[in-house]
Amino acid sequence: MLGIIRRKLACGGSSASILGQSFQRIPVVSGPRSCTTARKKALLLRRGSKEVENLIHHTLPGGSVTSKPVREFVAFGKTRSPICVWSRLFSSDNGDMVDAVVPFMGESITDGTLAKFLKKPGDSVQVDEPIAQVETDKVTIDVASPEAGVIQKFVAKEGDTVEPGTKIAVISKSGEGAALATPSEKKSDKEASQPPPPEKETVAKEETKADILAIKQRPKTPSPPPKASATEPQLPPKERERRVPMTRLRKRVATRLKDSQNTFAMLTTFNEVDMTNLMKLRSDYKDAFLEKHGLKLGFMSGFVKAAVSGLQNQPIINAVIDGDDIIYRDYIDISIAVGTPKGLVVPVIRNADKMNFAEIEKEINTLARKANDGTISIDEMAGGSFTISNGGVYGSLLSTPIINPPQSAILGMHSIVTRPMVVGGNIVPRPMMYIALTYDHRLIDGREAVFFLRRIKDVVEDPRRLLLDI
């Protein structure tokens with residue numbers, strides 16, 4: 001074979017092409033298993049292995065061993081080596097530590113405030129157990145533990161602004177991290193509680209005595225009485241005041257209400273409703289309603305049905321301005337304003353025009369309970385084409401509600417008060433309620449607003465109109 005190579009070189013052929021042709025003509029004796037073995041043996045060349053000769057003889061029978069073919073073969077084996085190194089990333093070197101991060105909070109929410117921690121360092125937690133709460137502009141979101149273990153430390157503080165993916169805590173799955181941190185803490189506490197050396201105590205006592213003598217020898221000068229200013233008011237002391245930061249929900253509500261006041265040309269019109277027939281309907285069927293549906297029959301479902309009827313008669317109340325266009329909505333989603341300890345939220349009853357009294361009452365109770373518990377989601381508050389606010393549950397007699405953007409109108413309900421009314425020429429006591437409609441006068445004229453309130457009044461005073469559709 002070497003003689004053939006010499007003759008080829010003498011004729012002008014390159015060594016690489018000649019070697020390639022030679023190797024192509026030489027049959028390979030070993031199968032896939034021997035080829036794999038050959039590659040592994042080729043890798044041993046770096047360590048000074050002398051089995052390359054056997055490798056060449058096994059792979060290329062009849063071939064002679066030279067340094068150049070060996071180097072080329074080893075390079076070939078390195079580039080085509082099937083050996084791969086698999087690695088896995090952990091939060092720590094031993095894979096015991098995991099991070100608790102802020103979850104995704106919604107499409108329109110980019111950050112939140114770390115309101116409070118529900119656990120302490122050293123507490124044990126289970127998988128998906130809440131360890132902290134993040135307060136956003138709309139809802140409060142729980143940060144859950146990704147693994148069961150022990151909280152080693154918190155890397156964020158209450159009041160910090162956090163984003164989705166922000167690490168707030170480190171959790172040890174085995175509990176060793178928290179256990180290792182305990183002795184050092186105890187040691188530092190013991191060192192802090194140890195009394196100072198006697199020499200330092202003596203020096204401190206001498207300095208204190210010298211200061212006391214200097215104060216006694218100092219001449220006493222009478223302090224001038226404070227001058228009372230006649231122009232400055234006497235303000236209460238700062239100790240009687242408390243400064244508490246606003247919650248993100250409260251700031252969001254304040255911003256939206258002010259934007260509504262600055263954007264809309266708001267006007268409010270009023271009317272009064274005789275609640276006699278609706279209260280009689282509730283009194284007659286409340287027991288049967290409770291027995292069949294499992295909840296009490298309230299007044300809100302009657303007003304929701306009346307609002308649906310009014311919006312169907314006056315579609316402009318359900319519309320909204322968008323730039324230079326008017327968007328008419330062919331659906332009716334009623335928002336119900338609910339006051340919670342953290343602020344005002346407005347959950348939405350979807351497709352209220354397709355629901356009966358029982359379905360509306362169930363949906364209102366479910367949304368109100370979620371709002372008070374702080375478990376209501378963003379999707380349950382998004383949208384809405386018209387809002388109803390019931391200030392009567394707090395005893396409000398009359399008010400002018402503010403429009404909930406981007407809607408165009410809001411209905412305000414108030415408390416029921418028995419007043420003398422003229423009925424059939426006679427003065428009789430009647431349970432009366434004032435209702436108010438605040439609307440965007442850029443879109444809605446007074447005629448449509450008054451007709452809408454009149455429809456509310458007619459339906460509430462005579463609920464039979466809903467059955468007859470008149």
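Two strands count as paired if DSSP finds at least two bridges between them. Helices (H or I, at least four residues) and strands (E, at least two) are DSSP runs, numbered from the N terminus. This is a predicted model: local features need pLDDT of at least 70, side-chain atom pairs count only at pLDDT 80 or more, and totals for chains, interfaces and linings use all residues. Residues are numbered from 1 along each chain as its sequence is written, and side-chain values use heavy atoms, with hydrogens and water left out.

**View 1. Strand S2 is joined to S4 and S7 in an open sheet.**
Four bridges link S2 to strand S4 (residues 130-135), and the two run antiparallel. Leu-114 has Val-134 in S4 as its bridge partner. Two bridges connect S2 (residues 112-117) with S7, again antiparallel. Here Gly-112 is partnered by Val-162 of S7. The open sheet has four strands in the order S5-S4-S2-S7, with antiparallel pairing. Its edge strands are S5 (140-144) and S7 (161-162), each of which pairs on one side only. Strands of a sheet pair through backbone hydrogen bonds, either parallel or antiparallel.

**View 2. Helices H10 and H11 pack with a right-handed crossing.**
Axes are lines fitted to C-alpha atoms, for helices over the stretch in contact, and angles run from 0 to 180 degrees between N-to-C directions. H10 (residues 300-313) and H11 (residues 357-373) pack at an angle of about 115°, with their axes 9 Å apart. A crossing is left-handed if the near helix is turned anticlockwise from the far one by less than a right angle, and right-handed if clockwise. Met-300, Ser-301, Gly-302, Val-304 and Lys-305 of H10 meet Phe-357, Ile-360, Glu-361 and Ile-364 of H11. Contact means heavy atoms within 4.5 Å. By class, this contact of H10 with H11 has five nonpolar, two polar and two charged residues. Ala, Val, Leu, Ile, Met, Phe, Trp, Tyr, Cys and Pro count as nonpolar, Asp, Glu, Lys and Arg as charged, and the others, Gly among them, as polar.

**View 3. Val-348 is a buried residue of strand S15.**
Strand S15 spans residues 348-349. Val-348 counts as buried because its relative accessibility is 3%. Buried means under 20% relative accessible area, exposed over 50%, and partly exposed in between (1.4 Å probe, protein chains only). Leaving aside residues up to four places away in sequence, Val-348 touches residues including Asp-333, Ile-334, Leu-367, Met-381 and Ala-382. The C-alpha atoms of Val-348 and Asp-333 are separated by 6.4 Å, although the two are 15 residues apart along the chain.

Most residues other than glycine have a negative phi, and most peptide bonds are trans. Asn-351 sits in the loop between S15 and H11. Asp-469 lies in the segment after helix H13 (464-468). Pro-406 is in the loop between S16 (386-390) and S17 (409-423).

**View 4. Residues 14-94 and 178-190 have pLDDT under 50.**
pLDDT is the predictor's confidence in each residue, from 0 to 100. The chain averages 76, and 67% of the residues score at least 70. Over residues 14-94, the model has 52 contacts beyond four places in sequence. Over residues 178-190, the model has four such contacts.
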